[in-house]
Amino acid sequence: MLRLFLGRVTEATAALFLLSAVVFAASRLTGNPLDLLLGPGATREDYARLNHALGLDRTLGIQYGIFLLNALRGDLGTSFRSGESVVAVLSQHLLASAILAAAAIGLTWLAGIPFGVWAAQHRGTPVDASVKLPSLLGQSMPSFWVGLLLIEVFAVKLGWLPSGTNQGALNVILPAFTLALFGIAGIARLLRSSLLEVLDSEFVTVARAKGMPEVTVIWKHALKNAMFPVVSFAGLYFVNVMTLSMVVEVVFAWPGLGQLTFNAILARDFPVVQGVVLVAGAIAIAVNFVVDVLYAYLDPRVRYA
Amino acid sequence: MRLADLTSAYPIFLLAILLAVVVGPSATNVAAAAVFTLWARFVRVVRGDVLSVRERDFVAMAKAAGCSHSRIMVRHILPNVVNGILVLASLQMGWVILVEASLSFLGAGIPLPAPAWGSMVAEGRDYTTTAWWVAAMPGLAIMATVLSLNILGDWLRDKLDPKLRSL
């Protein structure tokens with residue numbers, strides 16, 4: 001277990017390095033930062049002084065080292081647009097994104113698991129088909145478009161739910177549902193096929209032969225074993241939620257990282273985009289690390305492989 | 001393989017956005033970001049398939065008959081792993097189309113005035129109260145395309161390579 005843990009730590013660290021190198025390379029591709037910082041009236045001496053002050057006259061390796069140190073110290077530069085530090089801008093938006101992601105992921109599990117179990121129990125019947133079709137649809141619809149349709153129907157036409165951002169906890173329902181749709185479909189399909197496999201195994205037959213009620217067989221014995229592929233899907237799913245929330249936040253004017261990124265793209269605010277990519281990428285790597293370790297902890301077959 | 005593991009956890013979307021801001025949005029950027037994040041899945045499927053195919057008797061026979069390494073790889077092993085590649089490609093294509101549409105919707109994908117369904121939905125957003133179909137129809141087109149690809153992928157998988165069922 002310790003070896004596996006250390007291996008995963010090494011892997012996650014390497015992934016973080018790769019991420020920071022990509023972001024650093026991108027920041028050097030944007031052209032000479034001095035042109036942006038100094039106006040057109042700057043002299044040759046101004047250039048030389050600032051060049052030295054920013055460390056741009058050193059080798060690329062050292063510059064990358066400085067970039068890493070600054071990032072670790074929480075200094076990601078200042079926004080071109082607002083002049084605030086990027087870390088301050090990010091932390092203003094992080095909470096809203098976290099709330100939305102938590103609501104969406106919670107909804108996904110709450111709805112995805114019963115749907116998957118239900119479809120597996122009724123394999124080959126119209127019930128099975130009625131779960132399969134929406135889950136295929138759910139994985140094929142662009143989420144920004146689903147969001148627009150939901151706003152149009154439930155907020156504008158029916159007036160049941162708010163689409164704005166100033167009506168308390170109800171606000172989260174529509175965007176969270178839009179985000180969850182993709183995952184509910186995925187988890188339901190995954191759980192259905194893995195549960196069908198588990199239900200064929202001998203310990204299920206034994207449990208049934210002992211006269212256990214079907215509810216206990218499925219929810220207590222079979223589900224535990226059928227959850228492994230679903231848990232291993234959780235890391236990938238989290239990255240998908242992060243990706244999709246970028247767009248869904250824009251549709252619902254949700255004040256999170258997605259909205260921030262959208263405005264930064266429009267304004268070509270490079271430091272902010274760089275900060276979002278770095279922070280969101282690091283979160284994705286961290287979550288995948290936790291899921292991997294958790295998975296190995298739960299499943300001895302992975303631990304001792 | 002290690003490198004493959006490292007890149008696959010990284011969100012394709014963020015990379016594409018970074019590229020769009022650094023060098024300007026273009027279809028090439030979207031494709032580059034997709035390649036960077038998706039190649040690893042193909043490596044994994046092909047590696048697994050090749051590892052099992054190369055143990056089969058016909059490979060040993062080809063070796064005994066004096067075939068060169070490259071001939072065994074191209075003539076004997078490749079045809080046996082093509083199925084896995086086809087199945088994965090058709091399943092990934094739908095996802096890439098969804099990502100491209102989302103990027104274009106944000107203005108970080110295929111730049112105007114080139115037509116893209118994602119940016120058409122974005123333009124239609126302003127008219128939803130008077131003309132809902134301007135935003136609804138391009139979205140419907142995306143859904144129909146991706147749905148078709150997913151059904152095709154599922155069908156191919158069941159026909160060609162049932163052991164990929166977990167994809």
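A polar contact is a pair of N or O atoms within 3.5 Å; within protein, one atom must be able to donate a hydrogen and the other to accept it. Keep that rule in mind for Glu249(A). Its side chain and that of Ser97(A) are joined by a polar contact of 2.7 Å. The model is a predicted one.

Start with the chains. Chain A is built from 14 helices and has zero strands. Its elements therefore read α-α-α-α-α-α-α-α-α-α-α-α-α-α from the N terminus on. Chain A has 305 residues, and 45% of them count as buried. Take the contacts in chain A between residues at least 6 apart in sequence: 73% of them join residues at least 24 apart.

Chain B has seven helices and, again, zero strands. Along the sequence the pattern is α-α-α-α-α-α-α. Of its 167 residues, 45% count as buried. For contacts in chain B with a separation of 6 or more, residues 24 or more positions apart account for 65%.

Now bring the two chains together. The contact involves 45 residues of chain A and 45 residues of chain B. Between them the chains bury about 3,900 Å². Carbon and sulfur atoms carry 78% of that area. Across this interface the rule finds zero salt bridges. Polar contacts between chain A and chain B come to two residue pairs, both at pLDDT 80 or more. Which elements of chain A give two or more residues to the side that touches chain B? They are α1 (2–29), α6 (126–138), α7 (143–157), α8 (173–199), α11 (228–252), α12 (257–267) and α13 (270–298). By class, this side of chain A has 32 nonpolar, nine polar and four charged residues.

Next, the aromatic rings. A pair of such rings is described by the distance of the centres and the angle of the planes. The whole structure holds one aromatic pair over all chains. Its members are Phe144(A) and Phe105(B), with 4.4 Å centre to centre and 20° between the planes. The pair counts as stacked because planes under 30 degrees apart fall in that class. It crosses between chains. Phe144(A) sits in helix α7 of chain A, and Phe105(B) in helix α5 (residues 69–106) of chain B. Are these two residues buried or exposed? Phe144(A) has 0% relative accessibility, so it counts as buried. Phe105(B) counts as buried too, because its relative accessibility is 5%.

Return to Glu249(A). This residue lies in helix α11 of chain A. Besides the polar contact with the side chain of Ser97(A), the Glu249(A) side chain has a polar atom 3.2 Å from the backbone nitrogen of Leu257(A). What else does Glu249(A) touch, leaving aside neighbours within four places in sequence? Its contacts are Ser97(A), Leu100(A), Trp254(A), Gly256(A), Leu257(A), Gly258(A) and Gln259(A).

Follow that list to Gln259(A). Gln259(A) is in helix α12 of chain A. Its relative accessibility is 19%, so it counts as buried. The cut-off matters here, because buried means under 20%. Not counting residues up to four places away in sequence, Gln259(A) touches Glu249(A), Val250(A), Ala253(A) and Trp254(A).

Two more sites complete the tour. In helix α8 of chain A lies Ile173(A). Ile173(A) counts as partly exposed, because its relative accessibility is 37%. From Ile173(A) to Pro300(A) the separation is 127 residues in sequence and 38 Å in space, C-alpha to C-alpha.

The other site is in chain B. How many salt bridges does the rule count over all chains? The count comes to one. Glu55(B) forms a salt bridge with Arg54(B), and the closest N and O atoms are 3.6 Å apart. Glu55(B) counts as exposed, because its relative accessibility is 58%. Arg54(B) has a relative accessible area of 46%, so it is partly exposed.

Note on methods:
Residues numbered from 1 in each chain as written. Chains lettered and ligands numbered in written order. Predicted model: local features only at pLDDT ≥ 70, side-chain atom pairs only at ≥ 80, totals over all residues. Heavy atoms only, no water. Contact = heavy atoms within 4.5 Å. Buried area = accessible area lost by both parts, 1.4 Å probe. Salt bridge = Lys/Arg side-chain N within 4 Å of Asp/Glu carboxyl O. Helix = DSSP H or I, 4+ residues; strand = E, 2+ residues; numbered from the N terminus. Nonpolar A, V, L, I, M, F, W, Y, C, P; charged D, E, K, R; others polar. Buried < 20%, exposed > 50% of the residue type's maximum accessible area, 1.4 Å probe, protein only. Phe/Tyr/Trp six-rings, centres within 6.5 Å; stacked < 30°, edge-to-face > 60°.
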